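Here is a friendly walk through one model, with the sequence and the 3D view to hand.

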Amino acid sequence: MKKVFCNIFGHRYSVSKKVTQHIKEYECIHCGREVTTDVNGNLSALTPELQEINRTLENLFKKRHRAAEPVA
Ligand SMILES: [Zn+2]
């Protein structure tokens, strides 16, 4: 009855994945519900669509981060 616990006390999220500096994915340590930061900075349920967007953002972020590093 872990979901009942969450209904009463609220979900307890821990970061499961860092997508960019501002966008992260979270997973509830009690029921496993996954959420992500959306473009407005709110938490939204992690749908396959948002997951796809996050993967794209993650790749863009990594590429840009790499490109920004000084060339030795
Ligand atoms: Zn929960």
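Which side chain does a polar contact join to that of Glu-25? The partner is Asn-54, and the contact spans 3.0 Å (a polar contact is a pair of N or O atoms within 3.5 Å; within protein, one must be able to donate a hydrogen and the other to accept it, and residues adjacent in sequence count only if both atoms are side-chain atoms).

## About the model

This is a predicted model, in which local features need pLDDT of at least 70 and side-chain atom pairs count only at pLDDT 80 or more, while totals for chains, interfaces and linings use all residues. Residues are numbered from 1 along each chain as its sequence is written, and side-chain values use heavy atoms, leaving out hydrogens and water.

## Around Glu-25

Glu-25 sits in strand β2 (residues 24-28); strands here are DSSP runs of E, at least two residues, numbered from the N terminus. Glu-25 counts as buried, at 4% relative accessibility (buried means under 20% relative accessible area, exposed over 50%, partly exposed in between, with a 1.4 Å probe and protein chains only).

## The sheet

Four strands make an open, antiparallel sheet in the order β1-β2-β3-β4; two strands pair if DSSP finds at least two bridges between them. At the edges lie β1 (13-18) and β4 (43-45), each pairing on one side only.

Strand β3 (residues 34-37) is joined to β4 by 3 bridges, and Val-35 stands opposite Ala-45 in β4.
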